[in-house]
Amino acid sequence: MVGGALLIGATVAVLGGCLLLVVTVVVVRAARHSRTRRDQMLLSPLRAPLITVASGEDDDGSAAEQLTWATGVSRTVLDGNIVQLLTKIRGVPAEQLVRVLEVHGAVEAAVADLTHRSSVRRARAAQLLGLAQAGHTVPLLVEALRDESVEVRNSAAYALGLIGDAAAAGPVLAAIGLPDRGLPAATAAEALQSMGVGISEVLREGLGDENARTRMVAAHLSGQRSFTRGLPELRHLLDHDTDLTVRETCAAAIGRLGRGEDAAVLARHTLADEPLSLRRACVQALGELGDEGAVPTLAVLLDDPDPRLAELAASALIELGPEGSGALSGHEDDPAVRSARLMASLQKASA
Amino acid sequence: MSAPAGDPDVSPVRVLVADDDADIRDLVEFKLTQAGYAVEAVPDGISAWEAFAANPPQLAVLDVMMPGLSGIDVLRKIRESEFGTVPVLLLSAKSRDSDVDTGFAVGADDYVIKPFSPRELLHRVNGMLARAR
Amino acid sequence: MSWDGIAPGLRSFVVWAMDVSSVPILVYFVLINSSLLLIILLAYLEFRAQQRRRATAVSWQGAGLAPGVSLLVPAYNEEAGIVMAVKSFLTLRYPRHEVVVVDDGSSDETFARLEAAFDLVQVPRELPHEIPVRATVLGIFVPRDGRTRLVVVRKENSGRSEAINVAINAASEPLVAMIDGDSILEPDGLLHVTRPFADDPTRMVATGGAIRPVNGSRVVSGRIVRVEMPQTWIPRIQLVEYLRAFLLGRTGWSRLGGLILISGAFGLFRRDVVVEVGGLDPGSIGEDFELVMRIHKRMRDQGRDYKVEFVPEPVSWTEVPVTAKVLRNQRRRWHRGLWETLWAYRGMLFRRKYGRVGWVALPYYWLFELIAPLLELFGILIVPLALVLGVVNVPFAILFLVLAYGYAVLVTLSAMVVDEWAFHKHDRWRAIWQTIAASVLENIGYRQATVWWRLEGWWSSLRGKKHVWGVMTRTGFDEGAP
């Protein structure tokens, strides 16, 4: 009867599937173990020279030369190991290792691999080029920022960050907002961090981008790198941006970069009709700004119903020196002020 | 660039190196050994603590990022032990401001951030030992 | 009354019951297993993509855009482990985080030990009241060194949910995570679970990380130094359940993009969003499940572009019940919470506004999580009865049972494969055999027991229905909701 046959068939299929999965688990584990053993075996004759070069003890270059003689699978495994080492050491040993890679043709192979079918190969190729400081491949890496796989995009940004060519800053920032294949903001920010001062103009343009993530990264980095040129845009975004996270990032950046006149724009956003998290961010920024023009605003906030806001205002006033502390008179018994004073004295005592 | 010249009758200065990364462990051990130190290298936090307790070295180089007990955990145990003043250098991955802060708060003497220069590491070790004497 | 008297009546009842139910049960069976297959497939695809990313990952140390995290630790009578736990939380590898402990009116030495270990001094601070809290806050304390990022809040005892809400009020970082004092966190766990926030800072509102049972593993100074299998079968079977739930369930759903119910996972939330929706509901047993539903509803009601993501990396390790008694209480509570939350948010079902949450995830949870034990109970009762009464062909019945439970084992083994491929935390071969054995054993008694316990939880909730409804109306659904 059909039902019975179906039932038997299904049961056999399920049990067969179970068996297959058990076998798979065992195979996956065994394969991993054997791969590790194989790699270790292939590397063992090369281990000593590799360590000699990596530790910077290869004064006459003989160990490095030994490494260049590796061929076949040994060479591939060795190159992989070298790439790993390049993420951990720098200086003369790193340069020597890069030369070994070049002699092996690994750098050229990586350039070719940038268009490989496998996304893992493309990603690893990009990373190698960055670690080998292959400055001439920057245009190719910039193209890889738009790759369909996120791991390749991340690796390309990482590589561009390592190479540090400021010409790549614009494309990296622009890649954040690409629809469907955006560059994750964290990788973009890290890459941009290691590019030079030349990127300030790019960041300023980024502040006007239509994508909120891009604006946020641009604002964040402007603050981190002290790029004062972007201040007008930062103020504008604080006033008008539709995204609360962007506004808070701008407030923090203005606090770090700003000058006296910026106290007013920060003060505007401490008013009661603004979102609480933004108000707190602005108060903290006012404290960081360190300008006495902020004192009146902060003094008013001492009476705010939100205790954290009041305490942040009190802390900022304490840090502003005598004029700030003066504004605290009359509020000496407020919990916010007493807390702020206590925290300040604890921090001073342990410094 | 070698270890502080000492009395030939005195045994070499002992250094403990702990890192789960075999490459780093080996290259630091090699560098320090070439410079004249007697190095004991271990692959994780627990072994580091056990090695330290069994035979306290004159200096320890600890990687922060180890599975199980981290370098900072081991440092904490060292500082709380009777040999608490042993100079300790922490190794960590780049841009870890919080690690640096925590490290110094727990009592590290120096900090090296990866990617690091092996030569610089040796300089720092030499310097720390010189100051300790 | 003799057996011969009862048997024919019973027999015809059973025959009738089976006739009536056989098609629906069969349909249900096919549906649930196909959907499980679909989830396995989706999880497999997602894992392949993640493995590619893991294989090429550039180490991210969390500088730059790593948002600050407040770890919220509600503590009630935890004197034994609280100091160690807090020390290990403070030394997690993350650029910017703080620990907020709320002593929920402990009657033991919890606070005294914290005070001594961290040299706490009282701060005359008032807590913000962004989330309204009924219990009185007794005091706020910080370490005297002014630098250790710890805040301890003492309050009157009023339960975990209120303790967490107090902690949220006291928290100062933009992200909050709720952890128990006996959880062990992976040192890099925060880096993993905050990564989606760093990658998409304007849209991400919540992320979840996987949890694993810590039973059996070697723990030193609040860190896991060696992962081992639990020693007894009840926790071993739970290990298998967790693998299934996190590696398959959450990941498959994550790929579907529609939904992540973070419940039971390690949850990390944007603080301002949690405040906006009102924090944890002290009246709800659903706790963080209910919170996530509230967040989904709020985001969609506002038409906001938001994301919730699951990260399958183990972030937290927790002690799972070892005895049947404790396990029973847990399962009753979970199922009760599931029921109450699903019922509370029934207004989201099949509404266009709620997208995949309302059209796919919620119906799935109703059908295959909530009602499943009921149907399973039916099967458990009917089949043996039918066999005894000779109503059904014995080989047929046995085959069907083997198929049904074999399928369950298949699903579990798929989770094992994924775990071996991606994480391989247990390195003894023995662990593999034990896990396989656990996946089979689960179906011989354990599963049936949880069916009963889950139904117990559901029933007890239904009986206390009036009280529950009183709280639920505050979520904004009118009695006449469509």
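Trainee: Which helices do the buried residues of H13(A) pack against, and how do you know that they pack there?

Mentor: In this predicted model, the buried residues of H13(A) pack against helix H11 (200–206), helix H12 (212–225), helix H14 (244–257) and helix H15 (262–268) of chain A. The criterion for such a contact is that the C-beta atoms of two residues lie within 7 Å.

Trainee: Which residues of helix H13 are called buried, and what makes a residue buried or exposed?

Mentor: A residue is called buried if 20 or more other C-beta atoms lie within 10 Å of its own, and exposed if 12 or fewer do. In helix H13 (residues 231–240) of chain A, the buried ones are A:Leu231, A:Glu233, A:Leu234, A:Leu237 and A:Leu238. Seen down the axis of H13(A), these buried residues fall within an arc of 160°, so they line one face of the helix. An α-helix has 3.6 residues a turn, so residues three or four places apart point the same way. The face of H13(A) turned away from the buried side carries A:Pro232, A:Asp239 and A:His240, which are exposed.

Trainee: Why is chain A called more spread out than a compact globule?

Mentor: Chain A has 20 helices and 0 strands. Its radius of gyration is 29 Å, whereas the globule rule gives 20 Å for 351 residues, and because the value is well over that figure, chain A is described as more spread out than a compact globule. Along the principal axes, the C-alpha atoms of chain A fill a box of roughly 80 × 80 × 45 Å.

Trainee: Turning to chain B, what makes E2 and E5 edge strands?

Mentor: The open sheet of chain B has 5 strands in the order E2-E1-E3-E4-E5, with parallel pairing. Strand E2 (38–42) and strand E5 (110–113) of chain B each have a single partner strand, so one side of each is left without a neighbour in the sheet, and they stand at its edges. Neighbouring strands of this sheet are turned by 15° against each other on average, direction ignored.

Trainee: How do you know that E1 and E3 of chain B pair?

Mentor: Two strands count as paired if at least two bridges are found between them, and strand E1 (residues 14–18) and strand E3 (residues 59–63) of chain B are joined over 4 bridges in the parallel sense. Within this pair, B:Val17 stands opposite B:Val61 in E3(B). Helix H5 (residues 118–132) of chain B packs on the sheet, touching E1, E3, E4 and E5 of chain B, and its direction makes about 175° with that of E5(B).

Trainee: What makes E12(C) a mostly covered strand?

Mentor: Of the 12 residues in strand E12 (residues 307–318) of chain C, 10 are buried, and the strand is described as mostly covered on that count.

Trainee: Finally, how many residues of chain A and of chain C take part in the contact, and which element of chain A gives the largest share?

Mentor: The contact takes 53 residues from chain A and 44 residues from chain C. On the side of chain A that touches chain C, H1(A) gives the largest share, 16 residues.

How values were computed:
Residues are numbered from 1 along each chain as its sequence is written. Chains are lettered from A and ligands numbered from 1 in the order in which they are written. This is a predicted model: local features need pLDDT of at least 70, side-chain atom pairs count only at pLDDT 80 or more; totals for chains, interfaces and linings use all residues. Helices (H or I, at least four residues) and strands (E, at least two) are DSSP runs, numbered from the N terminus. The arc is that of the directions from the helix axis to the C-beta atoms. Axes are lines fitted to C-alpha atoms, for helices over the stretch in contact, and angles run from 0 to 180 degrees between N-to-C directions. The radius of gyration is taken over C-alpha atoms; the globule rule is 2.2 Å times the number of residues to the power 0.38.
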